[in-house]
Amino acid sequence: IGTALGKINPDFKLNVYSNETSEKIISVLQKNPNIVFHGSIPYVEVQRLNSECDIVVLVEGFSKSDVTKTRYSLSTKAADSLASGSNIFVYGSKECGLIEYMISTNSAAVCTDSSRLEDCLRSFIYDFEYQHQNYLNAIKVSNCNHVLERSTAIFEGIVERVIKENGNESC
């Protein structure tokens, strides 16, 4: 992503916050002139930075092992990003749970083809109407799907149904 940003505008920077500890991966990030690697930060800082940045970038892998790890997962980064009020750009395999979710909600620019990354970024960065529509969709999705009370009630309902279906009502 850093390389694609540099082709669009050499002054663009991607600030990366990650728990990544692999020296090999960190080295690749640090060598890219359009990436500033900050390492790990506290969760409250992530939320603050998400709400202050121009674009939140969410990335999932394309490899088979990456897809296997994230196929049925939806981390808090989706809900946090949707609630941030920032524009969202998502990049990764369409087989990953996060990518599928963002596609289905139309609340982020999504790129699932590495050969189109630069074009996807360029279109997203310079199409303000597209950004505005994604923003409106993100607010709607956040208010409908990511309210703690509603999520808790849905989860409790699922747990109760599973317990009843399994004939164990001792809880």
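1. Overall make-up. The protein chain has nine helices and five strands. The model is a predicted one. Along the sequence the elements come in the pattern α-β-α-β-α-β-α-α-β-α-β-α-α-α. Of the 171 residues in the protein chain, 34% are buried. Taking the contacts with a separation of 6 or more, 56% are between residues 24 or more positions apart.

2. The sheet. Strands β3, β4 and β5 make an open sheet in the order β3-β4-β5, with parallel pairing. The edges are taken by β3 and β5; each has a single partner strand, so one side of each has no neighbour in the sheet. On average, and with direction ignored, neighbouring strands of this sheet are turned by 15° against each other.

3. Pairing of β3 with β4. Strand β3 covers residues 55-59 and runs parallel to β4, with five bridges joining the two. Several opposite positions can be named. Ile55 stands opposite Asn87 of β4, Val56 opposite Ile88, and Val57 opposite Phe89.

4. Pairing of β4 with β5. On its other pairing, β4 is joined to strand β5 (residues 109-111) over three bridges, again in the parallel sense.

5. Burial in the strands. How many of the residues of β4 are buried? Five of its five are, and the strand is described as mostly covered. Both of its faces are covered, with Asn87, Phe89 and Tyr91 buried on one side and Ile88 and Val90 buried on the other. Strand β3 is described otherwise: Val56 and Leu58 form a covered face, while Ile55, Val57 and Val59 form an uncovered one. Two of the opposite positions can be read with this in mind. Val57, on the uncovered face of β3, stands opposite Phe89, which is buried in β4. Val56, on the covered face of β3, stands opposite Ile88, also listed as buried.

6. Helices on the sheet. Helix α5 lies across β3 and β4, and its direction is at about 165° to β3. Helix α7 also packs on the sheet, where it touches β3, β4 and β5; the angle between the directions of α7 and β4 is about 170°.

7. Packing of α5 with α6. Two packed helices are described by the angle between their axes and the distance between the axes. For α5 (residues 76-84) and α6 (residues 97-105) the angle is about 35° and the axes are 10 Å apart. The crossing of α5 past α6 is right-handed. On the α5 side the contact is made by Lys77, Ala78 and Leu82, and on the α6 side by Leu98, Tyr101 and Met102. Sorted by class, this contact has five nonpolar residues, one charged residue and no polar residues.

8. Aromatic pairs. A pair of aromatic rings is described by the distance of the centres and the angle of the planes. The structure has two such pairs. One of them is Phe89 with Phe124, which is tilted, at 5.9 Å centre to centre and 40° between the planes. This pair connects distant parts of the chain, with Phe89 in strand β4 (residues 87-91) and Phe124 in helix α7 (residues 117-126), 35 residues apart. The other is Phe124 with Tyr130, which is edge-to-face, at 6.1 Å centre to centre and 90° between the planes. Through these ring pairs Phe89, Phe124 and Tyr130 are linked into a cluster.

9. The cut-off for buried is under 20% relative accessible area. Tyr130 is at 34% relative accessibility and therefore counts as partly exposed.

10. Where the points meet. Phe124 is in α7, the helix that touches β3, β4 and β5.

Technical notes
Residues are numbered from 1 along each chain as its sequence is written. This is a predicted model: local features need pLDDT of at least 70, side-chain atom pairs count only at pLDDT 80 or more; totals for chains, interfaces and linings use all residues. Side-chain values use heavy atoms; hydrogens and water are left out. Axes are lines fitted to C-alpha atoms, for helices over the stretch in contact, and angles run from 0 to 180 degrees between N-to-C directions. Helices (H or I, at least four residues) and strands (E, at least two) are DSSP runs, numbered from the N terminus. A crossing is left-handed if the near helix is turned anticlockwise from the far one by less than a right angle, and right-handed if clockwise. Contact means heavy atoms within 4.5 Å. Ala, Val, Leu, Ile, Met, Phe, Trp, Tyr, Cys and Pro count as nonpolar, Asp, Glu, Lys and Arg as charged, and the others, Gly among them, as polar. Rings of Phe, Tyr and Trp (its six-membered ring) pair if their centres lie within 6.5 Å; planes under 30 degrees apart count as stacked, over 60 as edge-to-face and the rest as tilted. Buried means under 20% relative accessible area, exposed over 50%, partly exposed in between (1.4 Å probe, protein chains only). Two strands pair if DSSP finds at least two bridges between them.
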